[in-house]
Amino acid sequence: MNPRYDVAILGSGVVAHTLALLLARERLRVALLRQPAPPAAGPDIRAYALNQASHALLSDLRVWPEAPAATPVRQMWVCEPGDGHPATLSLTLPDPSQPLAWIVDVPTLEQRLLQALAYQGTIEPVDHPVQAALTVVCEGKHSSTRAQYGIEYEVQAYAHTAVAARLRCARPHEGVARQWFQNGDVLALLPMDGPGGDLVALVWSVQHARAAELLALSAPAFADAVGQACGHALGAMSTEGQPAGWPLQLSRARHWVRPGVALAGDAAHAMHPLAGQGLNMGLGDVAELGRVLREREYWRSPGDWRLLRRYERARRADFDRMAALTDGLYGLFGHGDTRIQALRRWGLRAFDQLNPLKLCAIRQAQGSGPVRPAPGSL
Ligand SMILES: Cc1cc2nc3c(=O)[nH]c(=O)nc-3n(C[C@H](O)[C@H](O)[C@H](O)COP(=O)(O)OP(=O)(O)OC[C@H]3O[C@@H](n4cnc5c(N)ncnc54)[C@H](O)[C@@H]3O)c2cc1C
């Protein structure tokens, strides 16, 4: 007997909701198993750096947040302060019409997705598991259903927690995403509230004990600690909202598919946020699964094993590449050996002089097709 649904999606995050909208547009019968947010949970304080591929997918589904909830990044600036001789690197847009990335307010994006789901008549919200040709697990890294399908999840816990907060600054950010690497800590200030804004999203990766200390500080003391760590780059700061912490890990499921089952988003993989790529990866899963299902031979069911293996092969390769990059950077910048530190700082400065390499880095950051260099750019 044919199941009533083509696809059942488990999860209530950005990946699950985007996938539901995409598959409904492909005229698949979708059931969405949602879980109400825990009552104590407030709005997410984070902002995501999203690349061009994510921008294209979310815009196509008409859920891209409008300005000022999405701020274009026109420059990335990286610094290792060292002892008095900072090594810096800056990536500036060759073509200002193609931002390096956008910094997106998370609650606004979630709201846009919920509004779109409410208007989408072909997605059926359900509150219990249902039979479907394909079940997609998008339950995040703590997924419980993944284990029920006998899928192992390998976790390499980092010694760091990411502390996230929002800070209002005395000086405007001018669309620059700033990042400092110091003694293994990684501090990022991401521009929010539009190109002329003075609000930044902080992501500060520090040892667990230091994160606990930071989160216990009063609001002025917290803002002071951030100001000191970034050399008061944006003048005096004050916090908006309550800072929060996320213990960090590199993790991946041993299998991403089983007959009739696929994993997507953090349920399949998670990485350190220093390159801002976790959700971009998850939305890459969504786009690829949508493509595989759309282009399937008419006689294949959505849960067909060959289709799912196509999806797994494409996405696993992409994740492995990005995970190796972020894990490598985390290890490199956390290394205490003075010879490695010297080499690293030389590398940053040298990289800053190499325009072709910077162009490659821009392409990687954008997560998109060709970037055309403009004369005299970079
Ligand atoms: C500090 C920090 C900063 C980050 N910054 C960036 C960034 O700049 N750019 C970027 O691309 N990524 C970033 N990430 C990564 C990003 O947060 C994740 O990759 C993304 O949230 C994964 O989305 P998801 O939908 O797969 O999982 P989740 O966001 O974890 O959502 C899954 C949801 O499903 C729910 N759920 C669980 N079980 C069930 C069930 N049985 N039924 C229904 N629902 C269920 C869960 O409660 C949860 O709400 C960052 C991460 C951190 C920690």
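Helices (H or I, at least four residues) and strands (E, at least two) are DSSP runs, numbered from the N terminus. The figures show close-up views of a predicted model. In this model the protein has 10 helices and 17 strands, and 49% of its 378 residues count as buried. Among contacts with a separation of 6 or more, 73% are accounted for by residues 24 or more positions apart.

**Figure 1. The annotated span at residues 6-24.** The UniProt annotation "transmembrane region", from an unreviewed entry, covers residues 6-24. In the model this span is 58% helix and 26% strand. The C-alpha atoms at its ends lie 10 Å apart. Helix α1 comprises residues 14-25.

**Figure 2. Packing of helices α1 and α3.** Two packed helices are described by the angle between their axes and the distance between the axes. For helix α1 (residues 14-25) and helix α3 (residues 106-118), the angle is about 35° and the axes are 10 Å apart. The crossing of these two helices is left-handed. On the α1 side, the contact is made by Val14, His17, Thr18, Ala20 and Leu21. Helix α3 contributes Leu109, Glu110, Leu113, Leu114, Ala116 and Leu117. By residue class, the contact of α1 with α3 divides into eight nonpolar, two polar and one charged.

**Figure 3. The three-stranded sheet β3-β7-β4.** This open sheet has three strands in the order β3-β7-β4, with antiparallel pairing. Strands β3 (47-50) and β4 (70-73) stand at the edges, and each has a single partner strand, so one side of each is left without a neighbour in the sheet. On average, neighbouring strands of the sheet are turned by 25° against each other, direction ignored. Strand β7 (residues 101-105) runs antiparallel to β4, and four bridges join the two. In this pairing, Pro72 stands opposite Trp102 in β7. Helix α3 lies across β3 and β7 and runs at about 80° to β7.

Figure 4. Strand β11 (residues 176-182) is mostly covered, with six of its seven residues buried. One partner of β11 is strand β5 (residues 75-80), to which β11 runs parallel and is joined by five bridges. Met76 stands opposite Ala177 in β11. Another partner is β12, which pairs with β11 in the antiparallel sense, also over five bridges. Trp180 has Leu187 in β12 as its bridge partner. Strands β11 and β12 form a hairpin with two residues between them. In the turn of this hairpin, Asn183 has a positive phi of about 50°.

Figure 5. Helix α6 spans residues 219-229, and its buried residues are Phe222, Ala223, Ala225, Val226 and Gly227. The elements that cover these buried residues include the strands β10 (153-169), β12 (185-192), β13 (199-207) and β14 (237-253). Helix α5 (208-216) also takes part in this cover. Just after α6, Gly231 takes a positive phi of about 60°.

**Figure 6. The loop between α2 and β4.** This loop contains Pro68 and Arg62. A cis peptide bond joins Ala67 and Pro68, with omega of about 5°. Arg62 is not a glycine, yet its phi is positive, at about 60°. Arg62 has a relative accessibility of 69%, and it counts as exposed because the cut-off is over 50%.

**Figure 7. The loop between α1 and β2.** Arg27 is found in the loop that leads from α1 to β2 (30-33). Although Arg27 is not a glycine, it has a positive phi of about 65°. Its relative accessibility is 76%, and Arg27 therefore counts as exposed.

How values were computed. Residues are numbered from 1 along each chain as its sequence is written. This is a predicted model: local features need pLDDT of at least 70, side-chain atom pairs count only at pLDDT 80 or more; totals for chains, interfaces and linings use all residues. Side-chain values use heavy atoms; hydrogens and water are left out. UniProt positions are given in the numbering used here, feature names are shortened, and annotations may be inferred rather than shown by experiment. Buried means under 20% relative accessible area, exposed over 50%, partly exposed in between (1.4 Å probe, protein chains only). Contact means heavy atoms within 4.5 Å. Axes are lines fitted to C-alpha atoms, for helices over the stretch in contact, and angles run from 0 to 180 degrees between N-to-C directions. A crossing is left-handed if the near helix is turned anticlockwise from the far one by less than a right angle, and right-handed if clockwise. Ala, Val, Leu, Ile, Met, Phe, Trp, Tyr, Cys and Pro count as nonpolar, Asp, Glu, Lys and Arg as charged, and the others, Gly among them, as polar. Two strands pair if DSSP finds at least two bridges between them.
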